[in-house]
Every structure is written in structure tokens, then in C-alpha cells.
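Biologist: Can you walk me through this chain? Plain words, please.

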Amino acid sequence: MSKNLVIVESPAKAKTIEKFLGKDFTVKSSFGHIRDLDGKSLSVDIDNNFEPQYSISADKKKVVADLKKLAEDSETVWLASDEDREGEAISWHLFQALKLNENKTKRIVFHEITKNAITKAIENPRKIDKNLVDAQQARRVLDRLVGYELSPVLWKKVKPSLSAGRVQSVAVRLIVEREREINNFKSESAFRVVANFIVSGKLTMKAELPKRFSTENEAENFIKNCVNAKFVIEGIETKPSKKSPSPPFTTSTLQQEASRKLGFSVLQTMTTAQKLYESGKITYMRTDSVNLSDEALSAAKQEIINSFGQEYSQVRKYTTKTKGAQEAHEAIRPTYMNVHSISSDSAQSRLYELIWKRAVASQMSDAKLEKTTATISISTNSEKFIAKGEVLLFDGFLKLYLESTDDETNNESEAILPPLKQGETLQLKDIVADERFTINPPRYSEASLVRKLEELGIGRPSTYAPTISTIIKRGYVVKEDREGKERTIKILSLKEGQLQKTSKKEIYGTEKKKLFPSDIGTIVTDFLVKNFDKILDYKFTARVEEQFDEIAEGLKKWNDMIKEFYTPFHTSINNTLDNVERASGERVLGIDPESKKEVIARYGRFGAMIQIGKNDDVEKPKFASLQPNQTIESITLKEALDLFMFPKNLGKHKGIDVIIAIGKYGPYIKYESVFISIPKEEDINKINFERAVELIDAKQKDNLPIETYENSPVHKGVGKFGPFIKWNNTYISVSKRYNFNQLTLKDITELIEDKKKKDIEKVVKKWDSENISIEKARWGKFVLKKGKIKIELPKETDIDSFDLTKAMKLIEENSKTKKSKKK
């Protein structure tokens, strides 16, 4: 029996902490929350002060039983879950579920997993902070009430199986509104004028006219006016400047910078940071504080002096400006400032290096610069050219780190100017006026969406990642790359006294990893804004977050806060169910010139579509699905009518028709009995016969077997979940350790035999006469299988006593349920 039982929420954290404690301590994991609201019911007693009804899930019952036994055998139980509200709630649930004795239970917190921090925590235990627990409980109950009552409204008024979330719906609204800003944006062109001068007979200097000309004629007149002009340096202004480092990371700034510098999603950043924290590499990763402890400041100073020199050190104490900053008391930083890098997987190594650089750079000296501005007069014109340059006198923190930006328009840096003299006459090399277009507001990336949510006071460090993951998973938002469009820009140039007019092509509007609203996301947002405007109001949502903060500080009772919200909300729910019409996002595009019927874009049973004619017309309406990059809001009448050109016969290839069509999953080519998907980036209207044949030939080549194994052909391909081989009607994933383009017979044999072995090991029970089996599934679950039928068994199922009679009964019930749903 151990004297002390320490309970944390993850096995990795337990393993790290165990290294710092002696033989008198046993460290165990609760594997996250052990209790939660039951997913099968509301689990909130509305009539009893909104009291939550918690239950222990089936997969946690053994964990609870084991921890309870260990707790009974220990003199002291130390609850060491994370220091934020979620962690406090985990400790409280453990205290309740394990029925711990308050006199022998202690709560400890630490924001880094080091021997010193753990020792200090044990020397300074405290009680569970019920205010923090109540704040977490209020968020959980409120979100359950919103989701449980609002989702059925969407099922009835928009589409079955939809779901709504309080913060998620507001995030989708931001993305929908930004898309509308972009769609309504009217780009305007103007001519930017740049001159290149020769200084001292050999050096070139660029200068720009501050003014832009709105028409080509104005730009041309200005350039003509400069043909015989004299250009003189009228004034030179030189002044010192400096750049200061950014503070160390908070959760949101880490998510933003990891997205910009490393290309990480918000979820990937948090998952990787969690691993770094639990292995003792960094401090706690959910924080909105930019403060560093005195020990960290001292360690950073020493490391900077050792690595870069005394002149690079400047101790800085940052203050947190974020409204409602939570309990974590320090920014994200390395546990040990002298560890520049770590040996781990690529993601952890790269993120750690980013955190280390940012934390250390925050304690380094300013970069010192000298900025020079030269004003150049034009003898034939009142306008003046301006040349700007800067010289880096001392690099300071720039020696280590420079923060990235989301600004997609500012990609030009100031050059170093050659030596200049006031009154000096410059020789003109050329003047170029090129057409520039105003740029629409940028679409949100994950990083810029996090920044916007933080600016509005919506969500907290622990909510950003799950919010974005949820709206993408539910299909309200898509994250993808999109190709740009081509346009022609006009260029006027003056060289050696001659004016020339030329043009060039440029690609604009290219998007990389941006967030786009789906049609259903737009329709749901409009429906919620119209009928539940308070729920989707930015200020109201931010105020709810402030109320959670007030509960955490003991200034407000959580039940009162829920009651204030729920009463008007529930009234709105009933009113909407009784009085509001069904939403389809319907938009009339115009009249079909052939049938003289209305052309309508709307959302139907199988997604976004175009309809010609009305449902009550004598002649049945025509329907066509939208292509992947088309939306109900932006599709034009011409684009809609083009969809009805399909299916179309492009001609015969080797005597067989080549048909191009649009199906449920997008455009495709049909050749004999083979269906070939058209690549997403290609426009179906531009696919001609020759291109179709190329796609057919490529598909046929892919369909040829790459090998034969046990007298059966082996094919390979790339599907939704990555590369695979197909053998004997079995799909086998090919991991990255294999060269997919050059699979050998040895590789294929290994893959097939490994798959066969795993399939045998998966089978727990089998009834060959009925072709029924029970197999192991992921996360400790079991699946009942019969042919193509797969039924996930409840967690509490006793597999040992599960016989053929029970299996057949369950399969029969499953079949009846599916038939009734079809009806």
C-alpha cells in the first residue's frame, strides 16, 4: 500500500510526474473526465435550479473502481489535474465519484512539470475551488441546453441531423458574413507610379509617387509630362527607429503563429502542445497570460547573455490585456530556457523551437534601425516622388525571431538607399505606371478566426480549437485551397523618352487553407440570426463569457446566470417551432429562356441544387446539383443553366460512348461501366473529348493489377483515407513507410499477410453457419458483423454471454429500423 495517491488526467502526464516523486507516491490517470452529462437525455433538471445529472460512462467504470480502491488504501489523495476550470472540474468529479474524504484529500496545481514545481505544489496544497468548478459547470449546462433545444428546431425547419452550438454558431456567422463582404466587394483599379533613378552614375534607387491615378488617361498624361523633366533631391530626412519583440505566447497567439509559420491547424497545435507539456518540455498551454515568472526571467537573461552577449539582453515584464484572463498565471514558455531544441517527432520539435524562440526573444533588446526618406521634385509637375529606405544598425531580438503577420497585401520591405545629397540631380532610368486593383477583405484562416474571436471576447483558450474543429466536422464550414482567377493589367512605361503601353496577365484571389461557409452553414446562420438573434449576437456571446468569468471569481451564482438565459431562450424555441416557416435558402435566379419557367437555387434533400419550374407545375420540375465550388448565394443564371447541359455525350472512344455528367459526389466521366471522377480543380464546362480520353486512359492504367498474390490480382489506388492496395475484395491501407509508387512483391506480401493476421486477431466470436461474427473495433469497442451489416455494440455488452440468438435478434431489429426510416 502506497501512502500517497496522485491522480492526474492523462497517462503521459502521470508517467512524467512519477519520475519526480519517491516510492511513497503512486501516480495514476483518470483518462480525462470520469463523469459527464448523459448523452442520451438532457440531463439537466430545469425544475430543480438547473441541477446537472452526471453519470459515469461505461468505459470509465473500471477506471473509477480501480481509483476508488487505491484511494481507500492510501493515507492521502492528491488531485493534480490541470490548473484551469476544466482541470478543476475533473478534480471535483473525482472527489464526488470516488467519495473521497475531505480531510485526506488535497488539491495541487502547477503550470510546469518539473521536480521543483511538483515539490512546491505538494508543499502548498489547497482545497478544490468550487467557483472554478461552477464556471465550468455553467458553460457545460448552458451549452447542453442550447444544443439540446436548438438542434431539433433545425431538424424540423432546415434539415434532419443538423446540430447547433452556442459559440460554434457565432463562429460560423463570422465566416458567412465575411464571405458576403467578399461577394459584394467591387474591386477598383488605379495606377501606381514608380520611378527608378540612377544615383552617382551607377547605383539604382526606386521612388514612388504617393498619389495613385484612377484612370489610364491620367497616368499617361503624368508620364508624358515627365519626358523632359529634371529630377532633384529636394529633401532628406533621417530618423532613428526601433522594433520591439512580441510578448511570449498565449494560447491564441501560439495557435496563430503556428498556423502562419508551421502550417499547423489549431487542433494540431493544441494536440502537439499538450504532448510537450505532459512530457515536461513546456509550461501549461491553455493560458491568456503574457507574464513570465521571476525564475523564467532570470533563466532567459542568463541564456541570452551566454548565447548572444550582454548587449542583447533586456528584461521585460509584460502585462495581460485580454479581458477576462483566466487562472493560468504564466505565458507558454520552455520549462528550461537553456534547452534550444528537443529530440522528438517533427511536429513537437518544430513547435518547441517556435515556443523557445518567442519566449527568449521577448527578453532581448530592441532592434535599432535608421529610416531615411528622400523627397524628389519634378520640374514639370507639382507632384513629388518619395524614396524610402532603412538600415538595420543593431539586430537585437531579430537575431532570433520575427513575428509573422496575416496581412496578405504588405509583402514589400523597404530597401537600403544609396548615399544621397540634398540638391543632387538624378538621372531617370525609367518610370512605370502599372494597374493595381483594390483587394477584397481576406477570408478567415484558422489563425485569423481565433484572433477575431479573441478580439470580440468570444470563447476562451480551451474553446478555440474544439470550436473550429466542430464547425468543420459538421460541414458548416470547409477548409480548403482554391485556385485564383486570371486578369489582364495595363502597364505604361517611360524609358529613354519613349512611352510604351503593354499588358500582362496576373493571377488573383488564390486561397490557401482558408475557411469557406457551406450552403447549409449559410442557411442555418440566416435562420438562427432571424429567429434567435440574441444567441448569435457577438456582444451577447461575449457577455456570456464575462459572466462565466464572474462565476469563477465568486461574483455570481451559476444557477442564476443559467436561469436569466434560459427563460427567454425557451420562449423563442417554442415560438419558432409553432410559427416559423421551413428554410431552404431559396433564391430566384431568373427565367429559363427555353421553358420560360423560374430558375431557383435552393437546398434540397441531397444538398444544394438548381430547380427549373415549380413543384406544383403540370410538368415535373428539372433538377441539377451544384458543383463543389458553386454556392446558392453566388451562382449566376448562366452557370445554373449550364448544369442542365449534362449528361452530355462527348463522342466515341474505341467505339464506346464517352459520357460526361454530374452526380451526387460531383462531376464524372462514364465509359462503359467505369466512372471516372473529374479532378476538383477542373471546370466541367472545359472538359473536351481529348481531355476526357486522357482521364479514361489514366484510370485504365491505374486499374491494371500491379502484382498477383495467391492467384488473385493486386490493384492499388488512392482513396479518401490515403493510398491502398486491393486484394481479394479487401482494401489494405499502405503506410508512409512504404514507397507507394514502387511497391515490391515483398512489400505486397507483408501488407497482405499483416492484414490477414490482424483480421484473425480481431474476431472474438464467429458463427460460420450464419456468416456472423463479433470483432474488436477501435477504442475498446466491439462490432457485430454479417456480410455488409455492421452494428456497434453498446459499451456495457457482456461479450462472453453474447450468443447467436442475441446476435440474430439484434441484426433483425437493425434491419427493421432501417426499413422504417426509408418509409
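This is a predicted model: local features need pLDDT of at least 70, side-chain atom pairs count only at pLDDT 80 or more; totals for chains, interfaces and linings use all residues.

Biologist: How many helices and strands does the chain have?

Modeller: The chain has 20 helices and 34 strands. These are DSSP runs numbered from the N terminus: helices are H or I with at least four residues, strands are E with at least two.

Biologist: And what share of the residues is buried?

Modeller: Of the 823 residues, 46% are buried. Buried means under 20% relative accessible area, exposed over 50%, and partly exposed in between, with a 1.4 Å probe and protein chains only.

Biologist: Ok, the sheet with S23. What is the strand order?

Modeller: The order is S23-S24-S25-S26, an open sheet of 4 strands with antiparallel pairing. Strands pair if DSSP finds at least two bridges between them. Strand S23 (648–653) and strand S26 (674–677) are at the edges with a single partner strand each, so one side of each has no neighbour in the sheet. The twist averages 30 degrees from one strand to the next. Axes here are lines fitted to C-alpha atoms, for helices over the stretch in contact, and angles run from 0 to 180 degrees between N-to-C directions.

Biologist: How many bridges join S23 to S24?

Modeller: There are 5 bridges between S23 and strand S24 (residues 656–663). Lys-648 is opposite Ile-660 in S24. The hairpin of these strands has 2 residues between them, and Lys-654 there takes a positive phi near 55 degrees.

Biologist: Which helix lies across the sheet strands?

Modeller: Helix H18 (residues 689–703) lies across S23, S24, strand S25 (666–671) and S26, at about 65 degrees to S23.

Biologist: New topic. Where is Glu-672 found?

Modeller: Glu-672 is in the loop between S25 and S26. Glu-672 is not a glycine, yet has a positive phi of about 55 degrees. It is partly exposed, at 48% relative accessibility.

Biologist: And Lys-513, which strand is that in?

Modeller: Lys-513 lies in strand S18 (residues 511–517). Its phi is positive, about 50 degrees, although Lys-513 is not a glycine.

Biologist: Last one: what kind of peptide bond joins Phe-646 and Pro-647?

Modeller: A cis peptide bond, with omega about 0 degrees. Pro-647 is in the loop between helix H17 (637–642) and S23.

Definitions and conventions: Residues are numbered from 1 along each chain as its sequence is written. Side-chain values use heavy atoms; hydrogens and water are left out. Contact means heavy atoms within 4.5 Å.
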